[in-house]
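Here are some notes to read with the model open. Please keep the 3D view to hand as you go through the points.

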Amino acid sequence: TQYSFKEVFGTLVVQKELFDVVAKPLVEDLLRGKNGLLFTYGVTGSGKTHTMTGSPGDGGLLPRCLAMIFNSIGPFQAKRFVFKLDDKNGVDVQSEVDALLERQRRDALPIPKTPAGKRQLDPEFADMIDVQDQCRAEEVDEDNVYGVFVSYIEIYNNYIYDLLEEAPLDSIKPKWNSCNTPVRNGDFVPPQSKTLREDQNHNMYVTGCTEVEVKSTEEAFEVFWRAGQKKRRIANTQLNRESSRSHSVFIIKLAQAPLDADGDNVLQEKEQITLSQLSLVDLAGSERTNRTKAEGNRLREAGNINQSLMTLRTCIEVLRENQLYGTNKMVPYRDSKLTHLFKNYFDGEGKVRMIVCVNPKAEDYEESLQVMRFAEMTQEVEVARPMDRPLCGLTPGRRLRNQAFREELSRKLELRGGPVGAGPEEQSAAELFFQRLPPLPPCELLDINDDQTLPKLIEALEQRHKMRQMLAEEFGKNVLAFKTMLQEFDSSVSSKENYIQGKLAEKEKTITGQKTELERLEKKIKTLEYKIEILEKTATIYEEDKRNLQQELESKSQKLQRQASDKRRLEARLQGMVAETSLKWEKECERRVAAKQLEMQNKLWVKDEKLKQLKAIVTEPRAEKPERPSREREREKPLPRSVSPSPAPSAPVALLQLRRSRSAGERWVDHWPPS
């Protein structure tokens, strides 16, 4: 059996090659504000968890995705608590002051809610996140600030549990009645399970799920490994020593918001925030209970795992059928929490990638065939829906310009020796010029007869006064020139403003016209959609009528065929009866004709004899009287053949007499031979 896939990786492929082909495009879409879903699918023990998490020294897809995200947005991350997730799958942006107060309030708590990012990593997973290639995205908007949030859930026995929740996680235990037997499944009480809800954008999310803001790859993977992976349910079966008994979902949410026009602070508008997420799903493997020898809780877990995977397959098949045949069947997303959670992805809200893990074991042959058949079929499903990204309308490159301005300002202040933001205490150009003049002579008078100190001081002061007057005149001229330049600049600015206002008015008119045209086209589209809907309904009615008429036509054609076959049988039967009757009547006619001919021959013979006797009487002398022969002697004598013509037959039997005359004559000759 041969199956075709977009990419096939051998047993010796490294994690980096798999990441570059499969997961890297999803991370790039995440940074562009698009959603993504990546899940591993296969039978139990085929390497799904290894593909997702990796091994020491060779990290899997999850740590590599985290490393690429933080390598790309590292210098553009917002401070902690600038982005704040709400309880309705949305995000708010806080000012720097509110974020600072939030950080101080969190720091005052005795136990931190998130693991510290600077403490020493656990050597158990430190090698998994030691990615050396430093992969990063090429196109990252530098005028945005970013915040990363992670959450980790599992779907166990069709119930959703938060693995990052600090409360102790107990397994599902059935209630027991007085007969020491468990009650039905409907009476099971799932402790601390979460529910699914739909937000205002019709996206599904888990209510009350813990979402942790992380600032580095190490911190995010520590949350995944220490807080979540340790709580995930695994068990030992005959096919896998550490078999996953639940579907695990690690969700990475990326919030990004643009900077203001100065490129300094985050824009305080919720409409400009983009929230995208990447879901990394490690599905539990399908298994056959006759091979795993499962019983008790393991048996119930296997049944729920297989049921959820079957629901996933059914949803994909219905989507494929709707796409190929143009039908509009309802997709049964709600039959399983797994498909209900990712309903939006299958409806086109993001890109979906699936990694099929196959174990080349002879015992897994049948299961592997079913897995690959389903995986090949999923490639035929294509659902795409464009996502609109909000436009901020600000000039790109704000962050770089603000950074360059600050660097230039600090450089100039360092050259002039003044502190940053000196304001009116800064030295003017005239003061700098006076500093270049020779210093004043000493003004101390020690002798009453000293006649040199005062004249020197007067001379120096007069020179400084003349210099001040010259500088004042030059300053006045510069002021007048500067005023003239300002007036010219104001006039040019006003003319440019008028020109820009005119252009803006033209653009507004154009935009108004385009909006009017868009409204008209939207109304036309709605009208056409309504007409299309009516035509589709009419076409459906006509197709139903056509099917009914075709069925009626087929039934009538079958009835006509039966009637024709009956008619043919009746015709054959009638022909047989006609042939038999005609043969019978022919024989009867022949018999009657032969009898009639014999009778007429006898009459003719009698007449001939009478004529002969009469002729003999007339011609012979009357001396002797002839002796009349007896009847017996006459009968013994052979009669001569009559040459007289037979009497004309009647009209109905004329043709039959002509056809049978020869045979009739022969019969007569046999009875009456000539003399």
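1. Start with glycine 42, which is buried at 2% relative accessibility (buried means under 20% relative accessible area, exposed over 50%, partly exposed in between, with a 1.4 Å probe and protein chains only). A quick caveat: this is a predicted model, where local features need pLDDT of at least 70, side-chain atom pairs count only at pLDDT 80 or more, and totals for chains, interfaces and linings use all residues. Residues are numbered from 1 along each chain as its sequence is written, and side-chain values use heavy atoms, with hydrogens and water left out.

2. Glycine 42 sits in strand β1, residues 35-42 (helices, H or I of at least four residues, and strands, E of at least two, are DSSP runs numbered from the N terminus). Setting aside neighbours within four places in sequence, glycine 42 touches Lys48, Gly285, Ser286, Cys357 and Val371 (contact means heavy atoms within 4.5 Å).

3. Now look at lysine 48, in helix α2 (residues 48-53). Lysine 48 is buried too, with a relative accessible area of 6%. Beyond four places in sequence, its contacts include Gly42, Asp282, Gly285 and Cys357.

4. Both residues fall in a UniProt "binding site" annotation from an unreviewed entry, which covers Gly42, Val43, Thr44, Gly45, Ser46, Gly47, Lys48 and Thr49. UniProt positions are in the numbering used here, feature names are shortened, and annotations may be inferred rather than shown by experiment.

5. Next, a helix pair: α7 (residues 297-325) and α10 (residues 365-378) have axes that come within 10 Å and cross at roughly 35°. Axes are lines fitted to C-alpha atoms, for helices over the stretch in contact, and angles run from 0 to 180 degrees between N-to-C directions. On the α7 side the contact uses Leu312, Arg313, Ile316, Glu317 and Arg320, and on the α10 side Gln370, Arg373, Phe374, Met377 and Thr378.

6. What about α10 itself? Its 14 residues should span 20 Å at 1.5 Å a residue, and the end C-alpha atoms are 20 Å apart, which agrees (the expected span is 1.5 Å times one less than the number of residues). Buried residues in α10 include Val371, Phe374 and Met377.

7. Finally, leucine 341 lies in helix α8 (residues 337-341) and is buried, at 6% relative accessible area. Apart from neighbours within four places in sequence, leucine 341 contacts Ile153, Leu196, Met204 and Val206. Leucine 341 and isoleucine 160 are 181 residues apart in sequence, with 9.9 Å between their C-alpha atoms.
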